[in-house]
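User: Could you take me through one part of this model up close, in a friendly way? I'd like to know where it sits and what it touches.

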Amino acid sequence: MTKPTDLSAWKSLADHQARLKGTTLAAHFAADPARFRNFSAKFGDIVLDYSKNGVTDVTMGLLFDLARESGIDAARAKLFGGDRINNTEGRPALHMALRAPAAHGGKGLDFAIDGKDVGPQVERELDLLCDFADEVRMGAFKGATGKRIRHIVNIGIGGSDLGPALIVDGLRADIGGKMQLDFVSNVDGAHLDLVLGRANPEKTLFIVASKTFTTAETMANAKAARKWLAGKLGEAAVDRHFVAVSTNIEAVTAFGINPERMFRFWDWVGGRYSLWSAIGLSIILAVGPHKFRDLLAGAAAVDRHFAEAPLSQNLPVILGLLQVWHRNFCGLGSQAILPYAQDLWRLPAYLQQLEMESNGKRVTREGQPVGWQTSPVIWGQAGTNGQHAFHQMLHQGSEPVPCDFILTARDRSAFPEQHQMLFANGLAQSAALAFGKSAEAVSAEMKAAGKSAADVAFLTPHRTFPGNRPSTTLLLPVLDPYHLGALIALYEHKVFVAATIWNINPFDQWGVELGKEMANALLAGQGGPADSSTAGLMALYDSYTHRK
Ligand code: F6P
């Protein structure tokens, strides 16, 4: 496999970046009055505006060349064709098959593994999930004491938590009714404590969500929740109050959950790509089967778009290439995710796992050390809150941070009059980052306000905004199931595009193993800690915990 850095487009991009370096975003906009039109792309009614990045036609042309030279077409064909592209675990990555049955207008793609269509098993499981959710939502399925289920507690971590939690909050406007949803992930007993403190056992249904059903944190929380419930309602009640979502039927049975209340998915669904599977049960319970299918439909439409649209119009391709541009050619090490939508407050955390667990890799698919940077640090929070926290650094810090703004046009809250303010702030931030405020403008303003010459001279550098800071805006018409599904799928495929350029496997996560092993060893007291730092802290822990 040719190294990406040896590809001719990579070399051309490096030369091109060196030439482009001095050109500001203000100059790009001044040179091209149609820059917004020329540097934006549409998928249905979702708009990707990438005009506020330091790119030109030449940049984009070279980036598309890079994608082609990196084998994006063959990689996409393998992904959609069910090849075992997760080569360290010998598995396909076919999460797209989970949304195909819901594609609007019957326009779902077909998915097979080793020539066997996976559609029928996916549809069967989806039907089972939806039937169960209907029973619970309509009150046909009741708790052990005959009360209706009103509270769902999802116990899971990582991909078995972040996706469903993101969507349930993201679709707050679709939930309505009387169902309360909680997510317990942290092994810190405080998390379970917090949720059980507001739970009525008679009305609570626990979903133990774990692909492997061996994840230590989830098992500890599930056992504690089970003990709590059995203590309140008796052991026999566990049957009506616990369901499982997993690929591991033996472990589910051993835990004591009735296999009839187990919902399945498959090893070809990666944890961080699993919200579309039975892991989404909490979502279906919250918004109902119909809206869950709309969520799947939005993602299925993006799958088709990613598979078929030409590179220059392909939103995930453009997003992935912009990330490569910033990371590898502009040397920028982090990326901020800024949803101007409170209901998407969990998006940065969700994308941290999606991007950093997928592309935080240091060896190639073949196991050779990479000689180029891979995943940036992903961080952020919902606007406008971030403006009063870290935007100072975005505007005036020593290193630019490419930002993704996610805006919605129509509001669904009970206070729609505030939406204009929210939207205006999002737009203002991206414009301020791009165009800044020059020292001349700052000085002139202060002089006009009557400041002394000394004050003007002293304060001008502090009050100047350099601008020229890149950002991309995704505009959704509204935050509803279809568009949220589409948004998440756009990012999933973006991650795949970047991984393809970097020649890394985005579907494994060996980097999480060592810490798990070491924690287990410490817990079991095996061998004792080898280093003085761990030993010192352990000794302090022991002495503190024995204190009254
Ligand atoms: O910590 C790594 C990880 O394996 C994630 O990839 C996964 O989403 C999470 O743990 C939870 O795993 P499981 O669903 O098997 O409990």
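Analyst: Let's start at Tyr-544, which has its place in helix α23, residues 532-545 (helices are DSSP runs of H or I with at least four residues, strands runs of E with at least two, numbered from the N terminus). This is a predicted model, in which local features need pLDDT of at least 70 and side-chain atom pairs count only at pLDDT 80 or more, while totals for chains, interfaces and linings use all residues. Residues are numbered from 1 along each chain as its sequence is written, and side-chain values use heavy atoms, leaving out hydrogens and water.

Together with Leu-537 and Leu-540, Tyr-544 makes a nonpolar surface patch of about 330 Å² accessible area (Shrake-Rupley, 1.4 Å probe, only the protein chains shown counting as cover; patch residues have over 30% relative accessible area and no salt bridge, with nonpolar side chains joined within 5 Å and like charges within 9 Å).

Now to strand β7, a buried element. Six of the six residues of β7 (204-209) are buried, so the strand is largely enclosed by the rest of the structure (buried is under 20% relative accessible area, exposed over 50%, partly exposed in between). One side carries Thr-204, Phe-206 and Val-208, the other Leu-205, Ile-207 and Ala-209, and both faces are covered. Strand β5 (residues 151-155) runs parallel to β7, joined by five bridges, with Asn-154 opposite Ile-207. Four bridges connect β7 to β8 (residues 242-246), again in parallel, and there Ile-207 stands opposite Val-243 (strands pair if DSSP finds at least two bridges between them).

In the loop between α9 and β7 sits Glu-202, whose partner Lys-147 lies in the loop between α6 (119-138) and β5, 55 residues apart. Lys-147 is partly exposed, at 35% relative accessible area.

The structure holds 22 salt bridges, and Glu-89, Arg-91 and Asp-267 are linked in a network of them. Glu-89 meets Arg-91 at 3.9 Å, N to O, while Arg-91 and Asp-267 have their closest N and O atoms 3.7 Å apart. Arg-91 is in the loop between α5 and β3 and Asp-267 in the loop between β9 and α13, so this pair ties together parts 176 residues apart in sequence. Asp-267 counts as partly exposed at 40% relative accessibility, and Arg-91 is partly exposed at 24%.

How values were computed
Salt bridge = Lys/Arg side-chain N within 4 Å of Asp/Glu carboxyl O. Buried < 20%, exposed > 50% of the residue type's maximum accessible area, 1.4 Å probe, protein only.
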